[in-house]
Structures are given as C-alpha cells and as structure tokens.
Amino acid sequence: MSLRIAERWFEYERLPDGVTRIWEPHVIRVMQCNIWHVQGRDRDLLIDTGMGIASLHDAAQHLFDKALTAVATHSHLDHVGSLHEFDDRIAHRQEAETLTRASDNFSMLRDEHPVEMITSLERAGYEIGPCFVTALPHANFNLSQFNCPAAPATRLVDEGDVLDLGDRVFDVLHLPGHSPGSIGLWEAATATLFSGDAVYDGPLLDEIPGSDIPAYLRTMRRLEQLPARVVHGGHDPSFDGARLRQLARRYLELRS
Ligand SMILES: [Zn+2]
C-alpha cells in the first residue's frame, strides 16, 4: 500500500471558553478522536489524546504552557494513544486495568482484523477502507505493527469527583454503556459537556467488546435530562442541547 507522508499530523480549531479541538485528519472517521484542550487559570485539561501515531506532546507544545492533566474518557486505543506522553493521567477505575497494558502490534490494515470486527463497525454505519490511516506520519511507519505503550492512570476518578482548574471546575459523570468506565466532564458554569464516546453526533457503538446496552440506556436517560448548552463529543462535530436530547431520545427509541 502506498500512502503519502503527511505534512503535519494534527489539526487545531479554537472554540469559545478556552477550548481547542485537536484532531488527526489522516485517521479514518471511526478512529478519528476529538482531543480537547481546555484552559484553566492554574491548570489545563487535555481530554483524550488520539491514536498516538505521532507525538501529541511535541506537536501541540504551543498549547502546553502550564500544568496539564490528561483525562481518558475511556481506554479505547483511539482515545489513549498519546496518554503515555503526559505525567498526570486521569481515568475511571473500570478502565484502569486496560491502561496498564501496552497495545502491541496493532494493525492499521483492515485485512489483518477479524471480519466480524470490521462488519460490526460497518453495520453501525461506518465506512471502513483498506487502511485505518490515509497518510503516514513518517516514512518508517509500520502499518502492521503499531505499538502503543501502557499509560497507567495516576489518579482514578468516579461519579461526583471534581477536577478543579483554579477558575473553573468540572464534575465527573460516570456514563457507562459504550465502555464500563466511560466518563464525561460537565462544567455547570458554561453548561458544557465533554462526553467522550457516551454520545457524539455519529453512529454510536454499543455492540463492541465491553459495551452494555442496558447501562447505555440508563446513561441516555440521564443525558436527556442534562441542561447542556454545548456538547463536545469523542468524535464528529460539537452540538447543542437540543441535539443532545434528540440523540438521546433516538437511542432510547432504538434500543428500549
Ligand atoms: Zn470508544
């Protein structure tokens, strides 16, 4: 397979409330995670870290001018690839064990994965091409053997815990269903939810290893009631509270 070498691996978009969206344009949609940088007075947050195909720590240095806490909304590879590059790492206890293990020899090639895994993603609504990336980060990148180091959490959080940035606070919401320890971060002052893969404006995945439809239904009933003004999801564009309620209701109708 001949893929070109990307000029740069990450793209950036500044949003209101000190939020920057970072993403990897050369990763296919199902694995193209939104990485959120959130500025605080004393400390910044980095919510999810992408695939780890290129160094996020090096590429986004212009954003990292103070103490930084990296949060894993859950432990799927597309959200924790660069987590090991950051010293302060937060996750839910039910994702903790996965983070202690490296992902060795992950293949970017469709044909090197079980057919059932690929077809379940396609059934959910994703187009999966022959390769999970559409460009290479450098000439020596091995598409068949991508290694992601372990990144054990340095602090475990659960429902009700608070992340304090000095001038803004985020409540941890436990939002299981997509994965057992999926969390969201809720900032009541701006009515903003960082939702990870619990909800985003695209095909949701609830039939993959570790997902749980009854738990997902409870999460969606809860999200339907959340007075959100803006939702920054784990994939796809951000959306408003009305869309959140629509997405939650659609899921509840589909799965109840
Ligand atoms: Zn996920």
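This is a predicted model: local features need pLDDT of at least 70, side-chain atom pairs count only at pLDDT 80 or more; totals for chains, interfaces and linings use all residues.
Let's start with the metal.

Which residues hold the zinc ion? On the protein side, the donors are His74 through NE2, His76 through ND1, His178 through NE2 and Asp197 through OD. They sit 2.2 to 2.3 Å from the zinc ion. If you like to follow that along the chain, the spacing reads H-x1-H-x101-H-x18-D.

Now, the geometry. The angles among the four donor atoms run from 86 to 177 degrees, and the site is classed as irregular. For reference, ideal angles for four tetrahedral donors are 109.5 degrees.

His76 comes out at 22%, which makes it partly exposed, because the cut-off for buried is under 20%.

On to the rings. There are six aromatic pairs in the count. Take Phe64 and Phe86: their ring centres are 5.6 Å apart with the planes at 90 degrees, so that pair is edge-to-face. The pair also ties together distant parts of the chain, 22 residues apart. Phe64 is in the loop between helix H1 and strand S5, while Phe86 is in the loop between helix H2 and strand S6. Both of these Phe residues are buried.

Elsewhere, Trp36, Phe170 and Phe194 make up one aromatic cluster. And last, have a look at Trp23: Arg21 lies over its face, 3.8 Å from the ring centre.

Definitions and conventions: Residues are numbered from 1 along each chain as its sequence is written. Side-chain values use heavy atoms; hydrogens and water are left out. Donors are N, O and S atoms within 2.8 Å of the metal (3.2 Å for Na, K and Ca); water is not among the atoms, so sites may look incomplete. Four donors count as tetrahedral if all angles lie between 85 and 135 degrees; four count as square planar and six as octahedral if opposite donors are over 155 degrees apart and all others between 65 and 115; anything else is irregular. Buried means under 20% relative accessible area, exposed over 50%, partly exposed in between (1.4 Å probe, protein chains only). Rings of Phe, Tyr and Trp (its six-membered ring) pair if their centres lie within 6.5 Å; planes under 30 degrees apart count as stacked, over 60 as edge-to-face and the rest as tilted. Helices (H or I, at least four residues) and strands (E, at least two) are DSSP runs, numbered from the N terminus. A charge sits over a ring if NZ of Lys or CZ of Arg is within 6 Å of the ring centre and within 35 degrees of the ring normal.
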